[in-house]
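Welcome! Please take a moment to look over the sequence and the 3D view below.

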Amino acid sequence: MSRARADEEEYWHSSKFRAFTFDDEDDELSQLKESKRAVNSLRDIVDDDDDDDLERVSWSGEPVGSISWSIKETASSSTSSLEGRDSSLQKGSSSYAAFPKQVSSYSLSSLFKGRNKLPSFQSLSDALSDTGVKNYTPELRRPKAEYKDYSSDWSPKDTVRRMQRGKVCSLERFRSLQDKLVLLDEAVGGHDGNVITVLIFLKRTLRREILFRELEVRQVALCHLIHFLKETGEQKLLLDLLRFLDRTEEVALSQYQEHLNIQDVEKRREFLKGCIGLPFSAEDTSHIQDHYTLLERQIIIEANDRHLETAGQSEIFRKYPRKASILNMPLVTTLFYSCFYHYTEAEGTFSSPTNLKKTFKIPDKQYVLTALAARAKLRAWDDVDALFTTKNWLGYTKKKAPIGFHRVVEILQRNNAPVQVLQEYVRLVEDVETRLNLATKYKCHDVVIETYRDLKDRIQLTAYKCKVERGSAEEDKINSILNNMQIRWKN
């Protein structure tokens, strides 16, 4: 009985098949779970969400995760396990400590693209902490364009070419003066704006005297540097360069431009006063003098008008409050301001328009245009009429406009002048065609009727009769002219 029992136990131990045990580490199910866990961890790293709707298949064409696929994968794993166990037994090892060679239960495509259809909740940190799982994340190679060569032995010509193509180049290797000048000449010869980059490098690495001396014989590079210094506001270096080149007028103009950065009015006035003695040309000197005088006048006018506006002593300031200060305004703006608020003042005052015209030698056309715009804005039609009225030596009055009456009509119309005022100045337009166009455009009917009468054009006058209102004074006037038998019509 005992022998039969011993034979039975030997039979079970010598069989090529084993019984199922929960503690068996070579169990096929545990291998399958481990493989699935590894692939699920890799899926979190390399999986693409856009492939959710795609069906994954193995090398054999079976859908990944199907029943047939699982059976075949389990069978292949069992075969591998048995082969490994037989080889171990042949070597005389009866211990189960030797593990068989693990075969991946997933294909290459399923490794990176396949997704287990069973839900897996293993996190990335758990997958990486599992020592039995290898990391199959691919190592991507950086593109060659990202490797920037800072130490290659590029020649000046090659360096300029690389700069023109937008490549990163190091200029620090050009240490000697000769190499730097060759680099500059190559950059200038390339007719490319990158010459500025080279000039910045030279400005930083060369002494000013050497840089100025070499640029003096290279006019293209010199112009680039001067423009660059003006744009970046490096005023001190720019002035030193211009003095080295003996460009005194440009030095003076550069110093004069610094007044734009002075906000305080009194300090700006003192600065402009100091600029008068700089070596400007004769024409520029007069402009600097006028600028200083104008600012001085504006300070006086501003202080006086602010006092009048605050005290409420002037009617025009109460009716038309000032919208801005007159300080630092151009000459034409100052003239308009004076014509608007101080038109009737005597010539001896600083704020008088005639005083400004005489002091700054304003041309008649500019003065008339500015004064007309200011007085028409105030609807002071009497002042407008007096502006164009002149007397001859016999005492006869005549209207004369240095800017042409067609421009006077346009300015008056923009300021909503009444038809009676417009008609008066439309009649003074000498060109007949221009007069008719303006009269028709602004509905000056009397001027149109009188012009057609003077032209003795019966057809045009009859046609214009249809454009006026029925029973109006204009229609009666047209009928009266058409019925006049003394007029010899041309048609």
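Here is a short tour of the whole chain, followed by two of its residues.

## About the model

This is a predicted model, in which local features need pLDDT of at least 70 and side-chain atom pairs count only at pLDDT 80 or more, while totals for chains, interfaces and linings use all residues. Residues are numbered from 1 along each chain as its sequence is written, and side-chain values use heavy atoms, leaving out hydrogens and water.

## The chain as a whole

The chain has 25 helices and 2 strands; these are DSSP runs (helices: H or I, at least four residues; strands: E, at least two), numbered from the N terminus. Of its 491 residues, 34% are buried, where buried means under 20% relative accessible area, exposed over 50% and partly exposed in between (1.4 Å probe, protein chains only).

Contact means heavy atoms within 4.5 Å. Among the chain's contacts with a separation of 6 or more, 52% join residues 24 or more positions apart.

## Ser-338, in helix H16

Let's visit Ser-338, which sits in helix H16, residues 331-341. Is Ser-338 buried or exposed? Ser-338 counts as buried because its relative accessible area is 0%. Leaving aside residues up to four places away in sequence, Ser-338 touches Tyr-343, Ser-351, Pro-353 and Leu-356.

## Glu-250, in helix H12

Glu-250 belongs to helix H12, which covers residues 248-256. Its relative accessibility is 31%, so Glu-250 counts as partly exposed. Leu-239 lies 11 residues from Glu-250 along the chain, and their C-alpha atoms are 8.6 Å apart.
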